[in-house]
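Please look at the sequence and the model together, and follow the paragraphs below from the strands to the helices.

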Amino acid sequence: MEQGRAREAYGTAAPATAPAAVRVPEQARGEHTHGEPPAPRPVVQRHSVRGQVLEALRAALVDGRLVPGQVYSAPALGARFGVSATPVREAMQQLAVEGAVEVVPNRGFRVSERGPRELAELAEVRALIEVPVMLRLARTVPPGTWCSLRPLAEATVAAAAVGDRASYAESDRAFHGAVLALCGNEQLVTVADELHRRSQWPLENNPATRRADLLADAAEHTALLDALIAQDLPVVQSLVREHFAGAEL
């Protein structure tokens, strides 16, 4: 049913085996937005309509196209995505559960506003969880296993090089998740990923993350991986603590 509605919404039938990326259409004819700020027009690639919209909204949230403090209605967003309001509303309700947006009765959803203090608190909690695990793994995981994570670290560098905040956020979480997964604790990985995702939401006043900041953060990933492969524990400890002390992405 969901895939059927997706094909109807976008006007073309995607192949069952390898669906192509679908460009979100321009503003729908006859749409009435009541002066709302422009909604994002991202590329969506997931199979289900709700999954497509949720991932696209998350990307728009990270890169600032969904502005903190602004209210967006499901029907207006749905028109711009080329889908009905229902999957948009469901996706926004999921974001509300995660704390990214707030429900505004009879209007839609307001993007949550947060300041530097909340970001610092998230970084502190992430450090309490991830630092001890990474230091333990540094003592037990063989170099060959760390080498297998090189493509994930390089993906963060590639995204940072072009200043793509949404792609960087995804590759950043993928790298951290792969490292933590080596501890074998699925609950820890899930909790850490949720905290990491929340730390990537924009601050109030929507200051853009500079490309130089992304490059510096990505460079810490590669340096950490080099130290882990070399089994240089003092350097690993220093890099891990510095990485979380400056975590603002």
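In strand β5, Arg110 has Glu102 standing opposite, and the strand to which Glu102 belongs, β4 (residues 101-104), is joined to β5 by four bridges and runs antiparallel to β5. The model is a predicted one, in which local features need pLDDT of at least 70 and side-chain atom pairs count only at pLDDT 80 or more, whereas totals for chains, interfaces and linings use all residues. Residues are numbered from 1 along each chain as its sequence is written, and side-chain values use heavy atoms, with hydrogens and water left out. Helices (H or I, at least four residues) and strands (E, at least two) are DSSP runs numbered from the N terminus, and two strands pair if DSSP finds at least two bridges between them.

Between β4 and β5 lies a hairpin with three residues between the strands, where Asn106 takes a positive phi near 65 degrees. Strand β5 (residues 108-111) is also joined by two bridges to β3 (residues 71-72), again in an antiparallel manner, and here Tyr72 stands opposite Phe109. Together these strands form an open sheet of three, in the order β3-β5-β4, with antiparallel pairing. Because β3 and β4 stand at the edges and have a single partner strand each, one side of each is left without a neighbour in the sheet. Helix α4 (residues 85-98) packs on this sheet and touches β3, β4 and β5, contact meaning heavy atoms within 4.5 Å; the direction of α4 makes about 120 degrees with that of β4.

Turning to the helices, α7 (residues 150-161) and α10 (residues 211-230) pack at an angle of about 165 degrees, with their axes 8 Å apart. Axes here are lines fitted to C-alpha atoms, for helices over the stretch in contact, and angles run from 0 to 180 degrees between N-to-C directions. The angle makes α7 roughly antiparallel to α10, a description used for angles over 145 degrees. Among the residues that meet are Ala153, Val157 and Ala160 in α7 and Leu214, Ala218 and Leu225 in α10.

Technical notes
Parallel < 35°, antiparallel > 145°, perpendicular 65-115°, else oblique.
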